[in-house]
Structure formats: structure tokens, C-alpha cells
Amino acid sequence: MSHTHNPGDGGAGERHAAPMVEEITDFEVLEIAVRELAIEHGLFTAEDHRRFTEWAESVGPAAGSRLVAKAWIDPAFKARVMEDAVKACKEIGIDWAEPTGFGTPSDYMNLRVLEDTPTLHHVIVCTLCSCYPRPLLGMSPEWYRTTNYRRRLVRWPREVLAEFGLVLPPEVEIRVEDSNQKCRFMVLPVRPEGTENWTEKRLAEIVTRDCMIGVALPRPGRTADVHPVQKAGRPVQR
Amino acid sequence: MPKSKPPEKAQKSSGKARFKPGDRVRVKDLPNLFYSRTQIYVRGVVGTIAACTYQDIIPEDEAFNRDGRLEQYYIVRFRQKDLWPEYPFENDTLQTESPERWLEPANN
Ligand SMILES: [Fe+2]
């Protein structure tokens with residue numbers, strides 16, 4: 001089975017933890033129907049919708065990386081992040097209230113940053129849909145939204161993490177955060193060894209999206225979430 | 001952009017929270033009436049309050065876009081072994097959120 005990507009979805013090199021569903025879902029049909037009704041009734045225009053989509057899709061994980069790097073370097077900033085993460089985000093130029101003045105309908109302004117320690121590892125999921133800290137990390141990766149990831153991460157977290165190449169010893173407590181209501185979560189990983197005296201900018205480069213979801217750990221030299229595509233052992237003959 | 005109405009302002013905890021961090025609570029196993037965000041897998045399970053977060057409209061009301069009942073929300077921490085009896089790792093935990101009406105005190 002082949003996986004198709006929409007052009008420009010950043011899917012190149014993406015590894016999917018789940019088989020992709022290629023047919024349109026009931027909810028996608030519902031979204032289109034409601035959107036067309038809203039446009040017909042003048043609640044917003046198709047141009048408004050296009051511009052909002054463009055804006056939403058342009059947000060990437062860079063702000064999250066900056067937040068982590070700054071927290072590693074500046075203990076006072078980290079303390080402010082743990083105290084009130086939404087407020088601390090303003091220091092790195094992220095206002096959760098954008099673009100409407102009260103956020104987007106599903107990016108509620110209740111961010112909590114989950115701090116890892118050498119004996120505690122966090123990983124985030126939403127079992128009910130795909131809640132994600134979008135103002136900081138942008139759109140979630142496709143695998144994050146699959147039922148495969150969502151239902152298995154709560155039940156078999158160690159096995160799912162192992163599929164991402166992350167194997168943690170049993171002494172390390174794995175804490176799954178199911179963001180099923182209005183809090184949004186992001187993982188603050190442990191600063192890896194070998195990064196002493198690094199600048200904030202250099203540190204930010206190793207804090208990739210997967211590290212802030214909790215399915216990977218940052219380390220020197222790892223600057224991208226590259227999931228190698230496994231070639232089929234017995235490819236389909238055409 | 002046309003004007004849209006801001007959602008109910010999220011309130012800080014007013015101090016009227018029934019539970020505090022560290023309290024043991026059981027998730028009630030109530031019937032689902034039309035809509036719920038309380039997962040089946042935590043129903044009837046005992047956990048610990050990890051944080052009092054905010055007050056907001058309960059999902060059961062918000063889903064129908066009416067002026068809903070505001071309630072205190074909590075982050076509740078469970079031992080994975082309590083959620084899935086055959087879970088093989090002692091230390092692992094899971095946290096999820098719940099509005100107050102789904103929680104009752106558990107003293108054990
Ligand atoms: Fe969700």
C-alpha cells in the first residue's frame with residue numbers, strides 16, 4: 001500500500017505510525033458542508049477562509065523549539081513557563097490570543113508545559129480528537145491524528161515509543177498526557193549532554209517537533225524528525 | 001473578517017474547587033447523554049488530583065452551544081496499572097482532564 005501526500009504537506013520523509021485512511025471521513029464532509037453554509041449565509045467569505053487556512057498552515061514548531069532552548073538556558077524563564085505558560089509565551093513572541101483576540105476555537109488559552117527529568121518522560125496525545133499546542137508547534141503531524149496512535153499510546157505507550165525508535169528503561173516513569181479537554185500540553189525535554197556552552201539558537205535546532213510531543217529525545221546532531229521509509233521486502237509486482 | 005463572539009472568558013480557579021492536588025478521586029461512571037469528553041477507560045478508576053486548572057463550561061452543555069454551567073476542571077493522574085490491570089510496568093502513569101461533576105472522593 002502506498003501513502004499519498006498532498007503537495008506541500010511537509011510529508012517528505014514522514015514516517016506514519018499508522019496506515020493512512022485515504023477516503024474522506026464523515027467529519028471532513030461535515031466540515032465542508034458547514035463551511036459552505038457559513039459562506040452562503042455571509043458569516044465569512046471563501047477568501048477569509050482561505051487566508052485563515054494559509055495562516056494556520058504557516059505556523060511551524062519553531063516557537064516551541066525557542067521556548068525549550070530558552071528554558072534550558074534561563075532558569076528564571078523556565079520558572080515563568082511552569083507558572084503561567086501562556087504568559088511566558090509572549091516573551092518569545094507568541095500570543096495565544098491571536099488571530100481573533102481570544103485564540104482560535106480549538107486552541108484554548110490553557111497551556112501547560114510538561115517538564116521531563118532523568119526519571120520522568122512525558123508524551124502527549126488526544127484520545128478524543130487531535131488537540132495539539134498549535135500556536136507553538138503549528139499543525140500536528142498526520143500520524144498524531146490517527147486512531148492508531150491515539151488509541152494505542154494510552155494503552156501501550158512503551159511499544160508505541162519503541163516504534164518511533166525511543167526505548168526507555170522501566171525505571172523511567174512514562175507519563176502519557178491525554179489532552180481531552182481545554183488544556184494544551186507541550187513537553188520540555190531534558191537538556192542532553194554534550195550541549196554545554198551551546199547558544200540558544202544552536203540548542204533550538206535540536207529541539208524538533210517530535211521531541212516536544214515526546215516521541216523522540218533531543219541530542220547533538222539530531223536536527224530533524226527524519227523517519228526513514230522502510231522499503232517493502234516483497235514489493236507488489238506490476 | 002466579520003465579528004465573532006468571544007467564547008465565555010476562561011476564569012481562574014475561584015477557590016471554590018471541591019478537590020485539591022493530592023486528593024484521591026474516582027471518576028464516576030455516568031450514562032452518556034448525547035455528549036461527553038470523559039473517556040470510558042477512566043470510568044470507575046481511582047486517581048489523584050494533579051492540578052486544579054481553570055473553570056469553564058462543561059462539555060455536555062458546550063456541545064450544544066448554550067450558556068453552559070461553569071465548573072472547575074482538574075488534571076487527574078492515574079497509575080497505568082490501575083487503568084489496565086495487566087499493564088506490566090510499575091511506574092508508568094497517565095494524566096487526563098475532568099470537570100468536577102465527573103469526580104467523587106475516593107478514600108482508599
Ligand atoms: Fe482533541
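These legends walk through several close-up views of a predicted model. Local features need pLDDT of at least 70 and side-chain atom pairs count only at pLDDT 80 or more, while totals for chains, interfaces and linings use all residues; side-chain values use heavy atoms, with hydrogens and water left out. Residues are numbered from 1 along each chain as its sequence is written, and chains are lettered from A in the order in which they are written.

**View 1**
Strands are DSSP runs of E with at least two residues, helices are runs of H or I with at least four, and both are numbered from the N terminus.

**View 1**
Contact means heavy atoms within 4.5 Å. Among the buried residues of α7(A) are Tyr149(A), Leu153(A) and Val154(A). Buried means under 20% relative accessible area, exposed over 50%, and partly exposed in between (1.4 Å probe, protein chains only). The cover over the buried residues of α7(A) includes α8 (157-163) and α10 (209-213) of chain A, as well as α2 (80-83) of chain B.

**View 1. Thr53(B) has neighbours in both chains.**
Thr53(B) lies in strand β2 (residues 46-57) of chain B and is buried, with a relative accessible area of 15%. Leaving aside residues up to four places away in sequence, Thr53(B) touches Arg112(A) and Cys183(A), along with Gln72(B), Tyr73(B), Tyr74(B), Ile75(B) and Glu97(B).

**View 2. A salt bridge links Arg158(A) and Asp92(B).**
A salt bridge is a side-chain nitrogen of Lys or Arg within 4 Å of a carboxyl oxygen of Asp or Glu. The side chains of this pair meet at 2.8 Å, N to O. The pair crosses between chains, from helix α8 of chain A to the loop between α2 and β4 of chain B. Both Arg158(A) and Asp92(B) are buried.

**View 3. Asp225(A) takes part in salt bridges with Arg209(A) and Arg222(A).**
For Arg209(A) and Asp225(A), the closest N and O atoms are 3.8 Å apart. Arg209(A) lies in helix α10 and Asp225(A) in the segment after α10 of chain A, so this pair ties together parts that are 16 residues apart in sequence. The side chains of Arg222(A) and Asp225(A) meet at 2.9 Å, N to O. Arg222(A) is buried at 14% relative accessible area, and Asp225(A) counts as buried at 17%.
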